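Please keep the structure open and find each place as you go.

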Amino acid sequence: MMTPIAEMREFAGFAPCEQRYIKRSLDIGLARTDAFRRWGRGEAENVAIRRQYVAYQDLKALRALVPVEGTPNEVERFLGKLVRIAAFDLEQERLECFSAFRFLYERLLGAAARPYLPAAFCAASALPAIRPERRKLLLQSLSEAAATAPGWSQREPGFYPEYVDDFEAA
């Protein structure tokens, strides 16, 4: 069980590109702000943000599909949609490891989704849309402990990183 301080430390350990992508993704996925105004630094980034809004349009429905009983039908409905969205995120090549993926998705979907994140990460990482050399790095980033965990905390994340303007920080 991680405290908000431990969550902040974990986030600080991610590469700057991962931190930026996680904050932008949370803004889009949790509808915290207008991502175009906050994150768009040019036409290419605006196109990427638009694509992410489209990819994330099913997040609200996905939150309602997190399996409660763990029946095969529940898992199938949930994992199919989750793998599609996860593949989008991994194709952006901004998340370098399972830890960053898990950090993001725990916040997008909540603690109840934790048991399904290793499977979704493996499935999305193994898709042909991911370059083979990147596929290898992603799959190797999933530790044996994460892949074989006997249980998961039900504690909701306490730290949700946000954009801080240089002017505000000073």
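1. In this predicted model, the second largest pocket is lined by Cys17, Arg20, Tyr21, Arg24, Arg41, Ala44, Glu45, Ala48, Gln92 and Arg94. Two elements, helix H2 (16–29) and helix H4 (43–55), each give two or more residues to this lining, and H2 gives the most, with 4 residues. By class, the lining of the second largest pocket divides into 4 nonpolar, 1 polar and 5 charged residues, and the pocket holds about 180 Å³ of space.

2. The largest pocket has a volume of about 350 Å³, and of the 17 residues that line it, Met2, Arg102, Glu106, Arg114 and Trp152 lie nearest its centre. Its lining takes two or more residues from each of H7, H8 and helix H10 (144–147), with the largest share, 4 residues, coming from H7. Sorted by class, this lining has 9 nonpolar, 2 polar and 6 charged residues.

3. Glu106, which belongs to helix H7 (residues 98–109), deserves a separate look. Is Glu106 buried or exposed? Glu106 counts as buried because its relative accessibility is 5%, and buried means under 20%. Its side chain makes a polar contact with the side chain of Arg114, at 2.8 Å, and, leaving aside neighbours within four places in sequence, Glu106 is in contact with Ala111, Arg114, Leu117 and Pro157.

4. Ser125 lies in helix H8 (residues 117–125) and is buried, with a relative accessible area of 0%. A polar atom of the Ser125 side chain lies 2.7 Å from the backbone oxygen of Phe121.

Note on methods. Residues are numbered from 1 along each chain as its sequence is written. This is a predicted model: local features need pLDDT of at least 70, side-chain atom pairs count only at pLDDT 80 or more; totals for chains, interfaces and linings use all residues. Side-chain values use heavy atoms; hydrogens and water are left out. Buried means under 20% relative accessible area, exposed over 50%, partly exposed in between (1.4 Å probe, protein chains only). Contact means heavy atoms within 4.5 Å. A polar contact is a pair of N or O atoms within 3.5 Å; within protein, one must be able to donate a hydrogen and the other to accept it, and residues adjacent in sequence count only if both atoms are side-chain atoms. On a 1 Å grid over the protein atoms alone, a cavity is a set of points where a 1.4 Å probe fits but cannot get out, and a pocket is an open set with protein on both sides within 12 Å along at least five of seven lines; lining residues have an atom within 4 Å of a point. Grid points are joined across faces, edges and corners, and a volume is the space filled by probe spheres set on the points. Ala, Val, Leu, Ile, Met, Phe, Trp, Tyr, Cys and Pro count as nonpolar, Asp, Glu, Lys and Arg as charged, and the others, Gly among them, as polar.
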